[in-house]
Amino acid sequence: KPRGRTRTKHPAGVNWERRKLSAVKAADVVRLHADLGKAGVKTTANRVVELLSSVFNKAIEWGIYVGPNPAANVEPFREVKRERFIQADELPRFFAALAEEPSRDTRDFILLALLTGARRGNVLAMSWDQVSLDRAEWRIPETKNGDAQTVPLTEEAVALLASRIPEDSSGHGASAPSTGFVFPSDSSTGHIANPKKGWARVLARAGVADLRIHDLRRSLGSWQAKTGASLAIIGKSLGHKTATATMIYARLDQDPVRESMARATSAMLEAGGLKDGGKVVPLKNRKTG
């Protein structure tokens, strides 16, 4: 039985699977872009055009297509950048709802995504060979930008990861394994793949609306800004890559980055009622522990 959900084409989409590249004209791409925009998926429309443009550029590079790129000059729809992050008054409810989540994997994934600011896919695919608890670092071999990234781990993140180390047969805690996923699963990837159901349960219990998993990443950066971090430090923490800031990021060492992340995560945990007098209050499920 195949895994995953059945993918369906958007009603405003097209079927060009059997169409030759030379048969796709600029007017076709413009019409597809406009139809998707009218259907209310303007961001998707822009991504579709970007993908088509990349396909044609690669075909030209490989010499299997000769001609102009029909997607090269399509005017994209204006996109409003999302600015949503967890607000101070939402944090107590959010952490309370997270503690009530029956799935430990879901609880730990959400909290680790918040504490590291890493992208969902990278957190889900985190493996033990990428993590050094002694150095308090997580080395992501490849991010969305195509580059590797070293993520400083705060005290809270190290404690969470240490709690996930499998116990040996005698019941005593084992050292971190050299292989395997931090969030293992019997899925085709070997790790948990889609936490959206658990995420929906947490938001429903918390009474928090319009918050996406990716907003956890934005939340860390926003709380870093609230606690006085510079844009360079925030960019280094989140692995941002821009033409103007890359050289600045490259000159920063991990200590000020970790310090800023520690201040931000500490402020979030205190606001959420999970830190008292500098001590972390364990996040446990009252039903399952």
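1. In α4, the buried residues are Thr-106, Arg-107, Asp-108, Phe-109, Ile-110, Leu-111, Leu-112, Ala-113, Leu-114, Leu-115 and Thr-116. Buried means under 20% relative accessible area, exposed over 50%, and partly exposed in between, with a 1.4 Å probe and protein chains only. That is 11 of the 13 residues of α4, so the helix is mostly covered.

2. On sources: this is a predicted model, in which local features need pLDDT of at least 70, side-chain atom pairs count only at pLDDT 80 or more, and totals for chains, interfaces and linings use all residues. Residues are numbered from 1 along each chain as its sequence is written, and side-chain values use heavy atoms, with hydrogens and water left out.

3. The protein chain has 11 helices and 5 strands. These are DSSP runs numbered from the N terminus: helices are H or I of at least four residues, strands E of at least two. Buried residues make up 42% of the 289 residues.

4. The length of α4 agrees with expectation: at 1.5 Å a residue, its 13 residues should span 18 Å, and its end C-alpha atoms are 18 Å apart. The expected span is 1.5 Å times one less than the number of residues. Just after α4, Gly-117 takes a positive phi of about 70°.

5. The largest nonpolar core holds 54 residues; Phe-94, Phe-95, Trp-138 and Leu-216 touch the most other members. Helix α4 (residues 104–116) gives the most to this core, with 7 residues. A second, separate core has 14 residues, including Val-24, Leu-32, Leu-36 and Val-49. A nonpolar core is a set of buried Ala, Val, Leu, Ile, Met, Phe, Trp, Tyr and Cys residues joined through side-chain atoms within 4.5 Å.

6. Three strands form an open sheet in the order β1-β2-β3, with antiparallel pairing. Its edge strands are β1 (131–132) and β3, each pairing on one side only. Two strands pair if DSSP finds at least two bridges between them; β2 and β3 are joined by 4. Arg-139 stands opposite Thr-150 in β3.

7. Thr-143 lies in the loop between β2 (137–140) and β3 (149–152). At 9% relative accessibility, Thr-143 counts as buried. Leaving aside neighbours within four places in sequence, Thr-143 is in contact (heavy atoms within 4.5 Å) with Arg-119, Asn-122 and Gln-149. Trp-138 also touches Asn-122 and Gln-149, among others.
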